[in-house]
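The exercises below are meant to be worked through with the sequence and the structure side by side. Try each task before reading its solution.

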Amino acid sequence: MQFHHHGYVSTDPRIAPAAGVGLDRPDELPSEIDVLIVGSGPAGIVAAAQLAQFPGVVTRIVERRPERLAIGQADGIQARSVETFQAFGFAQQIIQEAYQITEMAFWKPSVDEPGRITRTAIAPDDPAGISEFPHLIVNQARVIDYFAEYARRSPARGDIDYGYEFVDLVVEESGEYRVRVTLRRTSGPEAGTDVTVRAKYVVGADGARSGVRRAIGGTLAGDQAFHAWGVMDTLAVTDFPDIRKKCAIQSHDGGNILHIPREGNHLFRMYVDLGEVDETDGGRVRDTPLEAIIARAQAILHPYTLDVKHVAWHSVYEVAHRLTDRFDDAETSPDGTPRVFLLGDACHTHSAKAGQGMNVSMQDGWNLAWKLGYVLEGRSAESLLRTYSDERQVVARNLIDFDREWSTMMAKRPEEFSSPSELEDFYVATAEFPAGFMTEYTPSMITGDAAHQELATGFPVGKRFKSAPTVRVADAVSIHLGHHHRADGRYRVYAFADAAGTAMERWAAWVDEDDASPVRRCTPEGADLDALVDVKAVYPQEHHEIDVTRVPQIFLPRSGPFGLIDYEKVYATGGGHDIFAERGIGADGAVVVVRPDQYVAAVLPLSAPEALGEVLDRVLLAH
């Protein structure tokens, strides 16, 4: 965390100075809005939090509820999401209050006494070490709280406008604010009255029954498994030994439980198998009483007892997998430019048992928001917005395919598996997908090809930047390289030095001095040199072998009104870790370009500095 470069700060340094639209943010909804976000769930709140870093963008997020969400339905936080929390500055705080999943226990009918369940296997949650962050369980409402607080502390001073329900929208053929939106107040003395606002862009993060999706003619299509599950957040006394571990429990009569301990050391969630549902049921299974869900759970857990003391929340749902036919309105937009976008459950729905709904939705929000910020602040052309649908629709389709397979396996009877260990084998073999690390964006205007991938094999182009430990040269502090990649809307460029250092020096001189350098061409006049592109150096030597005063000037930029030197740009190996070996970087070094949402945009050679210009010039406009 950096502060004091604008003068001494004695208050909370996490609160950024208000700027731009954050200097005088009106309490009431303005009549003209740059980005109107409908729905303050995980997808919408992440989009709002990221956009709050763009002080020139008027962003408002409306929510039909009169106040904050108290009890969220989602609770699984995959490691990729915790990496995202780190970027938004609250990973450590939420880890402290969350439950951490380190392993999963598998219970099946006893061979000798089928009426009794017995533990048959325990699988580590992250056997391959795919992230330095843990798999968490924490109430969705708390996740939203953290993002909302981040938005309120950001330069644009974002916040949630409660008590507004989406009614309809119309995209007009001309004008600066082309989307005319009708909202209805749902609380307060004016409840029931309509409000009309105009927006440049509208983001529909309003759930599976999305009104925004309906307004642009979108539909959800897919299949229904006709299998019901009861879910309950429970406080209970039990002699089941793995009550504080994630468990997959299969009973002799075919009933299953997916058991998830919750934060706080006492609460737990059970997904209780209620069996097949007749196609003519018409949703009646959703009226299954809580007592029946509890009784079913008690039967599955035999011979262990479950004395339920309190149920904080419960529901019954039928598994369904659906994907929208469009993620934006480009198909119907008068000029072919998308003005309305869909996020999260508004464009993909699936079962809750893979823990993906909230996690994928948050990545939807981050993917879109930085692009909207770039376009609205004049950093990029409007064509950038077309990449949202291209990238996230593929992710959603892959998610639904995976979830269909996982939820089907969770509903199987023990005798239906091809081998006794099939379920746990699948869990281990596919761990990278539910953890959020299988997303791989294909070449586009913001993601390059793999022509130089061999220079840094551990940073696959199109996948998220996998952090690794380094040592910061100036102060000898051990730090994960990726942990400085905050959600501030900047591109990151990591220059991994060649063994001799000569190629690094030539590359750095070009970036710092050449008129074709994107750092020079695209940084607004009067802004800090790293305002748009944050360039860092990583050396293969131990940190004490690097003289920080002799590294190229591009890695020691001046910042703030006093022109103070930034010493957090230069890193080296050490502390028992060699990032070059761990990420497959050889003696020739490499340049790794990372998008604002932490995905690798390109791997380039140090010997061709102009290649950096070719990559960033596709995105950034000259100033």
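**Exercise 1.** Determine how many residues of helix α1 (residues 42-51) are buried, and find what they pack against.

Solution. Begin with the count: 10 of the 10 residues of α1 are buried, so that the helix is mostly covered, where buried means under 20% relative accessible area, exposed over 50% and partly exposed in between, for a 1.4 Å probe and protein chains only. Helices (H or I, at least four residues) and strands (E, at least two) are DSSP runs, numbered from the N terminus. Next, read off some of the names: the buried residues include Pro42, Gly44, Ile45, Gln50 and Leu51. Finally, look for the partners, taking contact as heavy atoms within 4.5 Å; the buried residues of α1 pack against the strands β1 (32-38), β2 (59-63) and β8 (160-162), and against the helices α4 (140-153) and α7 (357-376).

Before going on, note that this is a predicted model, in which local features need pLDDT of at least 70 and side-chain atom pairs count only at pLDDT 80 or more, while totals for chains, interfaces and linings use all residues. Residues are numbered from 1 along each chain as its sequence is written, and side-chain values use heavy atoms, with hydrogens and water left out.

**Exercise 2.** Find the order of the strands in the open sheet, and say which are its edge strands.

Solution. The sheet has 7 strands in the order β20-β19-β25-β22-β21-β26-β27, with mixed pairing; two strands pair if DSSP finds at least two bridges between them. At the edges lie β20 (477-480) and β27 (600-604), each of which pairs on one side only. From one strand to the next, the twist averages 30 degrees, where axes are lines fitted to C-alpha atoms, for helices over the stretch in contact, and angles run from 0 to 180 degrees between N-to-C directions.

**Exercise 3.** Is strand β21 (residues 491-496) enclosed or open, and which strands do bridges join to β21?

Solution. Because 6 of the 6 residues of β21 are buried, the strand is largely enclosed by the rest of the structure. Taking the faces in turn, Tyr491, Val493 and Ala495 are buried on one side, and Arg492, Tyr494 and Phe496 are buried on the other. As for pairing, 6 bridges join β21 to β22 (residues 533-542), and these two strands run parallel, whereas the 5 bridges to β26 (residues 590-594) link strands that run antiparallel. Val493 shows both pairings, standing opposite Val535 in β22 and having Val593 as its bridge partner in β26. Phe496, in turn, has Val538 as its bridge partner in β22.

**Exercise 4.** Describe how helix α10 (residues 502-513) packs on the sheet, and check its span.

Solution. Helix α10 touches β21, β22 and β26, and its direction makes about 165 degrees with that of β22. Among its buried residues are Trp507, Trp510 and Val511, and beyond these three strands the buried residues also pack against α11 (518-522) and α13 (610-617). For the check, the expected span is 1.5 Å times one less than the number of residues; the 12 residues of α10 should therefore span 16 Å, which agrees with the 16 Å between its end C-alpha atoms.
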